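Hi,

Here is the structure I promised to pass on.

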Amino acid sequence: MTDQPAHPSLAGLSCPIPLTDYPSVQLAHGGGGRLSQMLIEGLFLEAFDNPVLELLHDGAILQVDGARLAFSTDSFVISPLFFPGGDIGSLAVHGTVNDVAMCGGRPVAMSTGYILEEGFPMEDLWRITRSMEEASREASVSVVTGDTKVVDRGKGDGVYINTTGIGVIPAGVEISPRRARPGDLVVLSGAIAVHGIAIMSVREGLEFETQLESDSANLYPMVASVLERAGERVHVLRDPTRGGVASALNEIAGKAGVGIRLDERSIPIGEEVRGACEILGLDPLYVANEGKCLAIVDREAGEEVVEAMRGHATGGAAAIVGEIVEEHPGKVLLRSRIGGMRVVDMLSGEQLPRIC
Amino acid sequence: MKFVDEYRDEADAVRFIEAMRGLPTRSWNLMEICGGQTHTIIKSGIDRLLPPEINMVHGPGCPVCVTPLELIDRAIAIARRPEVIFTSFGDMLRVPGSSADLLSVKADGGDVRMVYSPLDALTLAHANPGKQVVFFAVGFETTAPANAMAVWRAAQEEVENFSILCSHVLVPPAMEALLGAPDNLVQGFLAAGHVCSVMGYWEYEPIAERYRIPIVVTGFEPLDLLQGTYMTLRALEEGRWGVENQYARSVTREGNVPAQQLMEKVFQVVDRPWRGIGPIPMSGYALRAELSRFDAERRFEVGDISAQESPECIAGEILKGLKKPHECSAFGTRCTPERPLGAPMVSSEGACAAYYHYGRIEELISRDAAQAAERHD
């Protein structure tokens, strides 16, 4: 028999992610791919474990005195702060209301926390704040509480914004990643990868000429129409932001224990985005969106949902792009343009452009 | 999208696949040289659409994969220096050295930046006169002209704070090394179209003659690869050898002569070690003596750093086409893109990563079938 330790075990207090793997945080831990998933499931979920968090949805769905609330938080650290089609302020509002909408909730109010770097131009802060105000007014959401902190010069990137949103989920709406089931259809509200490519086109050292603007938009009005038309037949909603459509669908396949089949030819994608992805060696399925919605719906509701989406500017190019299947649970498969099949895996690390 | 969709058309793909069906009278091993071609084959599922007699062997043409481990360690040692801005193409950043990769050097505070062109690195050198800007110049003949141009311009403009860490490799000597090996199983080559856009294909004619093997210069789109495979297969079945050009829309026999002239001014052909394969005589480029002041290995005195490969990684057998990635005992378990044991798992062009990301369908289908049979019982 081995000796008992002289002091109580510290196992429960030590970091659950093996330090030999990643002794420090890498950028890819925030990239929305497999490393993010490892961090969230291995460290945060380990610490905060509870049935609401466990679903790892875009937001939490809470029962409070008979009412159902959608509750979601997000941080915005984008560079550059101003980009074609938006800025960090409008993006923060859209990101927040969209996360609430993806829970099936009507966004009601939000908070905003600014972390400012010493020396940040007041005029830029004013521009960002005006843009936030405008976006929140358009989304009929009030900014009802906030916080401001300033960090030393060099210790921030101009401005970071954290937001929290809250919304009310109407009766007859039942959204959960676990509700995806074989036979369901996957509906995508429009052309993919626009935001990520628009941001890349203006990033330092990577500038290329394009007319592209970010698709950053409030998705709630479109989601409301979809829910009005299809109600409980809408099973899962997700906005494929970081990590793109591929990561979002992999998460759903994993949570629901189902397989997903996509048809490459039916996935809407703009010419300019495709061209940029070809040149940069990026797979658009992994590029971020800020104004697109994935809906997994009952097979019979598919066409109605497409129609409801197309009634809105944000859903003009909506299409059925795939289906949920019983086979290969947890995996997303794609039928290529020439008829071959391949696995669409979760992204591991940041997507890195290739040498040649 | 113009010039892309034409080469991804399903009806045309089906025509090639139909044309190949029934053509092979025996089994053939064809090697696509370039990692970009491997990527297309696996991503579009071409290997599973071909007649079963055709075995696609994935060649050594992934620059990230064949860059020696010790060179990555040298890159990391240079990138850690406080006076250095280390620049590289994106996919070199995650390649593991002996104990770290360039991304973790960045996480630890090193100034490591991704660029799209060595000329961007030169611009950085102009903009940061107090810093030493180093570019990690890896790749085949495809990337060599741009790297040559960067060094040439640095010399013309007398940019003293710019250098390159050079590990260029050349395709024809590697093909000869493969064909001359006693365990060679390659019977036909799909040559790398982009390398040939620069170099032409005259260099391949004596190889095809000497080894009596068909070599078809092939592009990178799904239909290019199907057509290249079809042309190679026909040559093999008809007992022909020689060089054919499938990629005529961008490749000529002579190639890009001004680019070749510039490369000649900047580089000299030297022996190079290939990761996983070993040293191949006269198989790479180094800077000419008169430009050696732009050689980062000399400038930072890292030439004596050496490294030991993981004994478990069978990258050599993978890169020589002797084994498929999933035949490695560590594949997908102890070796994944998050924790790679060897470079073919890191680069998106690496055969192991391509298999890991796209290629597990057979395994899935057979598992599904087993489960279905179980339910039946």
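First, a convention: a crossing is called left-handed if the near helix is turned anticlockwise from the far one by less than a right angle, and right-handed if clockwise. This is a predicted model, in which local features need pLDDT of at least 70, side-chain atom pairs count only at pLDDT 80 or more, and totals for chains, interfaces and linings use all residues. Residues are numbered from 1 along each chain as its sequence is written, with chains lettered from A and ligands numbered from 1 in the order in which they are written.

By that convention, α8(B) and α13(B) cross in a left-handed way. The axes of α8 (residues 144-156) and α13 (residues 257-266) of chain B come within 9 Å and cross at roughly 55°; axes are lines fitted to C-alpha atoms, for helices over the stretch in contact, with angles from 0 to 180 degrees between N-to-C directions.

Residues are in contact if their C-beta atoms, placed from the backbone, lie within 7 Å. On the α8(B) side the contact includes B:Met149 and B:Trp152, while α13(B) brings B:Leu262 and B:Lys265, among others.

As for the partner chain, 46 residues of chain B are in contact with 32 residues of chain A. Helix α2(B) gives the most to that side of chain B, with 4 residues.

Chain B has 17 helices and 11 strands, and its C-alpha atoms fill a box of roughly 70 × 55 × 45 Å along the principal axes.

Best wishes

Methods:
Contact = placed C-beta atoms within 7 Å. Helix = DSSP H or I, 4+ residues; strand = E, 2+ residues; numbered from the N terminus.
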